[in-house]
Structure formats: structure tokens, C-alpha cells
Amino acid sequence: MADSIVSVVVERIAATLKEQMRNGVNLVSGVETEILKLSDDLNTLRHVLHDAEKKGYKDIIVKKWLTRLEETAYEMDDVLDEWNIAILEHSKHKVSSYIVSSYLYFMKVVVRREIASSIEQVKARLDIILDEKDRYGFAIASQPSDPSHSEFQPTFSVELDEVCGRDLERENLVRKLVGEELGLQVVSIVGVGGLGKTTLAKLAYNDSRVKNCFELRIWICVSNSFDEIGIANAIIEGARGRKAYPNQLELVLDRLKEVVSRRKFLIILDDVWTKDGTMWEPVKICLRIGGAGSKVLVTTRNERVASIMGGFENEIHRLGHLSREECWLLLGRIALCGNDEKEREKFEKIGKEIANKCKGLPLAVKILGSLLRFKNTVEEWESVLNSEIWELEEAEVELFPYLLLSYNELSPALKRCFSYCGVFPKDTRIDVEKLITEWMALGYLGSKAGDWEVRGREYFDILAARCLFQNFDKGYSVQDLDKDYSCEHIKSFKMHDMLHDFARFLRKNVGSRIKRTTCRECGPVLVSQVRVYHSLFHRKHPLLDADPHFCDGFTSLRLLSLRDCCLRGIPKQVEKLIHLRSLDLGCNKFLDERDLKGICKLYNLRFLWLDGCRLKEIPSEIRDLIHMIHLDLSNNEFVELPDSLCDMLELESLNVYNCTSLVRLPQGMHRLVNLKHLCNFGTHLEQYPQGLAELTRLVTLQQFCVQDGSKLGWLKKLNRLRGQVKLLIVASIGDSKEAIAAVEDARDAELGKKTRIQDLGINFCGSRIDGEEVNESVWVDILDALEPHPNTQKLSMCYYDGSLLPRWIVSPLNQVVSIRLYSCCSLLCLPPLGKLPLLENLEISSFLKLEFVGRDFLGITTTTTTTTTTRSGFFPKLKKLIIWHCPKWKEWEDITVEEDEDFGGVSIMPCLRKLEILGCSGLPELPVRLLKKAASLKVMNIGGSMQLLQLYGDENGQPWKSISSHNPHLHLLKDVTHYLPD
């Protein structure tokens, strides 16, 4: 891990010297030579660190040498922090009185001496470390480089249906689970780490026979600590019940009995370690009142645990190892994915020898297979087979040799990013974006800002491709700047418990620079975490503010989280943590905003979370956090932000989400030239500064309101905008000049050039025409001028008062998949939305003048002699159609008998699964011939539509059968309460 901090220190020395010259101050007079020599020495050491780390696994003396080097580098990093603070303080006090100047000069001399002395001490220690280097014969070799994005292969994972050699095991386990037993049965899967116990449990859990057998299926990750209250509450929550009081076992168990009584359930307890049967017994007793045939499936490495949990001999499933042939089959599938048969034959002999070393462990096969995917020659495969790591004696966990082979192929940057993940408790679901900010705060992504988000995402993707992470949840991310806007990315993940053990092993005995603390609240676990990870997370109640010893031993913390700790004030000792890069104080209800002034002295902060703290004011001193990259002020109560915030020139992300009292942004916003993300959804800003137009790096602007002088044209240069953008247009048009100006302003926004906006909302709430000379067609012209790029996937429109919709909405070039039209009160008809080739969801609400929906809504064009169709059909992808509260709607035109026959192979709504006609009291009947074409329709809801309820409400009546006879799976609902418009 030494390379991490060594690289950062080398970068920072050069940057600090440059900053000192820029500010015209010399705080280190007399030691310039030592500083430059120190930087050169650190650079020299970097070239041997890769070999030193490999030797450190089996040579404790080398490991201690690496630890001392890391400690020394951290000490120099601390000195650089103090140096930069001194430079900042000097620049703040350049202009002052003679007396003050004399005092400041005296303090400058003192600070200079202290810094110079610290540098000399660090240099002396580094000289000793450098001299010792030659004793160990480290090789000066090129280090693995970070793969470029173009070389990177997409993440590969072995899906459940691709598991090798477990078909018979799965069948046996499924039979045990679905077998009828009178009482509660506990089945256990037992095997060593990495054998695939959890995978087998998932195969059974997701088997259709198991799904159909149990009313409740609940999965719980138990891991090292067995918490009977936590497990009971997890079962209650999984059964969709309300959790009981977390500290009262009797109440929790009573609630557990209620939710499982007479219900047939399957509960998975994954990765159980406890050998104390008394902790499991109270929960087990409660579960016995479940329905007949209920099961508990336990996975564990220890057969004694299986017996304690209640499994009899025939209920313990001892998981076998994969055969040699199965190991090679799985290894080849991963390592040679996409290769032809001839290429596979070339690697088969050497591949089988490598597979044999996996000793039948699927996780070992996955790790090695993922490693070999990046090696394209037989010679490279032979180097893996003949690696000295196979002879490693200090393998405290069975898989470490295989993991070390993959780990040693990583660059130093990737090594430190992976090993850091051991800081989280086992089975934690880890948010990828938050993890990347932590990597950045700790210097793992370099000390410079800029493209750190992209770099962090690439690092994560590489580690995921190596199968070092698993259990992914996917979604969309606006942070991933260089990838296609529509690409789905991994949002969160978990680590296999063996890989978590390995990550902890890599950090074992690393770092000893934190001295013993006298703080009564800081036990050895906290001290160890700080020493190893330079991070501290409080997940329970906070340390007492009255304790004067809090953080005495933690002065070198880089990352501190006190989130949701019920703090009523910021502990005073936090102000002393001058080396902090990341501070999370979110979800604490601070009573005194003056506390914030103290943390404004933490000049090295890059990331600060103050969300959900009920703050009514942000102090002007926040300007001193000049290195701030990410500032989260969401869900607070302040009315405005200080203009001094705009002095944070490195700020990239400002989050004021749901700050409902905020009425304006600082006028100096144009100074935030590095701002990429302005998360402002849920605010009620009355004014936007014109300087917003100059923030050309802006990627996220969730909401923009056009009123009180703000103009749509300010968006013209913001062509990097992506994700969700909601436009609130509050316009009052009094004459023709204002009408022309409004249309031109909309055109100046140039939405068509913003290719990465994924979700566009246009809201005309509050807009009106005040002059008689202005025609209502101005709204059509404005909306026409706001034509987005065809890449837009979601479109919503509210309170539009035009009588027509512009043509671009129904262009077949549009990639839109979801449209929501709400309260467009002047629209008399619906446009031919059936032409849209990718539309999946359509919602139409509160069209108060809508009376007739014709066949042209489908996209059918009819002349006096012919009917025009399209090859793809009408609404070819539509899955859900909702029409709500159209009280004057009297007719939905059906297709004709001739069209029904003539269309032949042309489809109409072939994918439609859900149709809701809610609160449309004037509609007397549905288009039967049209709905017969919707062969996939599963649910129809006509709640609140009185005439439809009278006609179709009787499911045995002929009107309903005329629709359902062609679709026996169609289900009728008459409920309007579950759905209300926003």
C-alpha cells in the first residue's frame, strides 16, 4: 500500500512549491535542497515497491520495511498539509496594520522553523529506509500499468444458469426443500470457503419449483456476528411486516410469531459462523409455528454449526469439489470467452494443469479464469502455472495463492483500491459512486481533481472484470462522463466473504503510526481501523462531546463519517483533524450553525456531507475550503447561500436537492468554472444567476426555472448536460413583442444539440397570456422551439396550454421510451403517438377538453380509398397505457372490420400488458376489435370510469367476454385508489 501515499507525496511536493512561488511566500527557506532530494528519493523507491510488496508476503522484515516507508510518507503528507495551511493563512493576511504585521511576521518565523524541522526529521528517516533498500535485492522492474479504457474488456460474470457441475447437487437440494414435512426443517449446506455454497443456495432459491412451493421466501446474510434480534427483524421485514423495537427481544419475537404464523416459508441464513446454539434457539422456536413444510436453509463452513442450527444427518448437504474436467470447463469458458475451437485447443494442455491447481474450488477457477482472460499467449499462461506464489506458506485462507496471482497483476493504484474495500463489514452492499469518492479522498486516484470520477469508474470496472467483486445492482449514472449516456452501469455490489478476508489480509500489520489513545470511547477496533485504513466510520450513537480525549490518537485521519449519529453539535475535537479529506456529518440535527465555522478551518477537505441537518444558514467562512470538490447541502432549510461559496474554485459538485426554502443561488456562480453537477431538484428557486450560462462544464442541472429575468437561452452553451433536466417555464406574455422574444429565447436554448439529456420535463405551470393581441399559438411555437435531441428517452409535459402538439413529438426518429402528458387542458385530440418505434410507457392525465380519440392516435392514416400502415405496426413496443381523468372523453374509435381483416400481419399494441382507464366517467365503451389485437394484455383497470364499470364490471357478462375471450389471462381491476396523479 506504500505506493499509494508515496505517489501522492511526490505530486504534492511539486504542487506545493509551485503554490508557494505563486503566493510570493517562502516558508521553507534553507531546506529547499532537502525537499527536492526527498522527492527524488521517494521516486527512486517507487521503482522497487512492486517487487517489495511481493516479497513482503513471505518476508516479515520486508513487510516491516514497507510499513515504515508508508508511515514516513504519511508524515511528509501531514507536513505538506501544514505547509499549505500556512501558505493560505499568509495569503489571507497580506494587508494588515503594522502591529498585526509584526505579529504575523513572528508567527511566520515560528511556522517556518516548525515546518523546516519536520522536513529534516522526515528526510533523516527516509535516508535510513533508502539505505536499507539495497539489503533486500529488490528488482527494479516496470510496474503493471492501469489498462487504458480502450483495452478494457467488459465485466464478465458467471450467471446462475452457467454454473458447472452442480446439476445433481441442485436437484438433491431442491427435493429436500420442496418435500412435505410436518414441522420446521433445517437444511444445511456445508463446505470450505469458495466452494460455491451461496451459489448453490441461490440456484435452489430461484428454482421455479421452490418459488411455487413457499408463500414467503426470505434471504438473510448472517456472517460473523449472529444477532438474534437483527435476524428476527430481517425475517419480519422480509415478510413485509413492520419491524419491532430493536433492543427488546421479547417484543421482536412476539412480532415474529405474528408474521410467520401458519405461513409456509423458506428462510436462507447465508454464511453462519456462530457455535452458540442459545442465540438461535429463541428464533427457531418462533419459526416452528409456521405453515407445514416450512424450511430454513443454512450455509456454513463448519459442520458443527450445521448440527447446532438443528440439522440432522440426512439434512446436512456436504458440498463436493468440482472434478478436474469441470474445473477446466469453467476455466476455459471464462478465460477463452469468444475464442474459436482452434484457439481453445492451443491452450487446453496448459489450461488443464492450471485448472488442477484450483483443487475443485469454483471461486478459485473464476479468479484464475478472469486473470487469464488478459493473457493472450501460451508463455503468459505458463508464467501463471510456474509462479512462485503456489509455494507461498503464509496462506492463512485457502484461496490466497489464487487471489495473490490475480492481485499481483494489478497496478499499484488498483491494488490499493481493492484492498481498501476490506474496511467495510462483511456482506455490506457498497455504493460504487460513494466508494469512488472515498478512493479519491484517500489519494488512491491521484491528488489532482479533473477526471477522477471517470478514472475511479474505470478502476472499479477493471476490478469487477477480474471477478474481485460480485452481486451487482445495476442502474444509470450521470457521473460516468465518457460512456454512452444510455449505458447501464453497476450502482452497488458486495464482496465474496473470501475476497473480503483476502482484502483484510493484505492490510494486516500495515501501519503503526497511530499512538495509543486515552479516549475511553476509542477501543482497539477503532484504533486498528484508523491505523490501517486512515478512515473511521461511526455507525451507532456518537462519541460524547464532553469527552476531551476523543480523536487524540486520530490526528492523521483522512476520512471520517459521523453520519446519522444523533449529533446535536459537531464535536470540538473534529476541528483538530486538519488532515481530513472527507467528512460526512449528514443526517444529524445541528442546533447551532456556529459549529460549521470550526470545520471551515479544515482546509484540506475535498468532500463534505451536511445533508439533512436542518441548517438555516451557511457561514461565509466556507470560502476557506478552497480544495473542496463535492459539497452536499441537500435537505436543509437555508434561504440563500453565501456568495463566498463561489471562492471554492475547485468545486465540481454542489447538491442542494430538496432545499425547499432556498430562493436564489449566489450571483458569483460564474466563478465556479469547474462545476459539473448542480443537483437542485426539489428547490423553489426564484432566481438563477446569469453566470450559469458560463458554466460550460456543467453535466447535471436537474431543474431550471424561467422567471424573474432567467432565460432559456442561458442553456445554449451547456451542451454537456445529461440525465434529467426539468424546465419550469413561468411566462407572462403581454404583447406580440414578448411573444416573439419568448419563442426566440426557447430556440436559443438549442436543446437539439444536447445529445445526452435522457429525461426531459417541460412544465408551463403559471404561464399565461395577458394581452388580447397574442394568439394562443405562441405556446405551440415555444414548444416547437424546444425540440430535444432524438436521443431523449423520457419526456414529460405539464400544464401546456396549446391546442396542438408539435410534429417532433411523433417523429419516428425519436428514441423515447416513456411519455407523460399531464393537464394539457386545451388539447382536443391525441397525436399519432403509435408511430413511435420504442415507446413503452404512455400516461395521459387531466385532458379536460379531450372528447374523441381516433384511429390516428395509433398512427393509422386514412384517406377516402386507402388505409396506410407501417411495417413495424402501431405502438410496437408499448407495455403500459394509462389515461386518467378525462371527464369529457366520449369516444375511443375502434378499428373497422375491414382494417381488422386487412392488417393481417401488422400488429397493434402487441406488447401491451397493462391498460388503465381511470376516472373517465364519460367514456361509454372500449374499442373491442382494437383490444383483441393486444394479445399480451394482462391487466385492465377501469376504476372510476362509471359507464365502463356498468358495461364491463360483470366478468361473466357478454361485454367483458367479448374482450377477454381472446385473452384468458386478462385480469379486470376496478380500483382507482392505488393511482393518483402527481
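I started with strand 23 (residues 818-822) and strand 24 (residues 841-845), which run parallel and are joined by 5 bridges. For my own reference, two strands pair if DSSP finds at least two bridges between them. Strands (E, at least two residues) and helices (H or I, at least four) are DSSP runs, numbered from the N terminus. I looked up Arg 820 and found it opposite Glu 843 in strand 24.

Before going on, I noted that this is a predicted model, where local features need pLDDT of at least 70 and side-chain atom pairs count only at pLDDT 80 or more, while totals for chains, interfaces and linings use all residues. Residues are numbered from 1 along each chain as its sequence is written, and side-chain values use heavy atoms, with hydrogens and water left out.

**Strand 1**

Then I went to strand 1 (residues 185-190), where 6 of the 6 residues are buried, so the strand is largely enclosed by the rest of the structure. Buried means under 20% relative accessible area, exposed means over 50%, and partly exposed is in between (1.4 Å probe, protein chains only). I remembered that side chains in a regular strand alternate between the two faces of the sheet. In strand 1, Gln 185, Val 187 and Ile 189 are buried on one side, and Val 186, Ser 188 and Val 190 on the other.

Strand 1 runs parallel to strand 4 (residues 295-300), with 6 bridges joining them, and Ile 189 stands opposite Thr 299. With strand 5 (residues 316-318), strand 1 pairs in the parallel sense over 3 bridges; there Ser 188 faces Ile 316 as its opposite residue.

**Helices 13 and 15**

How far apart are the axes of helix 13 (residues 324-335) and helix 15 (residues 362-372)? I found 8 Å, with a packing angle of about 35°. Their crossing is right-handed, meaning the near helix is turned clockwise from the far one by less than a right angle. The contact (heavy atoms within 4.5 Å) includes Leu 330 and Ile 334 of helix 13, and Val 365 and Leu 368 of helix 15.

I also noted that helix 15 is mostly covered, with 10 of its 11 residues buried. Among the buried ones are Pro 362, Ile 367 and Leu 371. Their cover includes helix 13, helix 14 (341-356) and helix 20 (452-465).

**Two single residues**

Is Thr 437 buried or exposed? At 9% relative accessibility, I count Thr 437 as buried. Thr 437 lies in helix 19 (residues 432-441) and touches Trp 452, Phe 607 and Trp 609, leaving out residues up to four places away in sequence.

Last, I looked at Leu 251 in helix 10 (residues 249-260). Leu 251 is partly exposed, with a relative accessible area of 36%. I noted 9.7 Å between the C-alpha atoms of Leu 251 and Ile 229, which are 22 residues apart along the chain.

Note on methods:
Axes fitted to C-alpha atoms, helices over the stretch in contact; angles between N-to-C directions.
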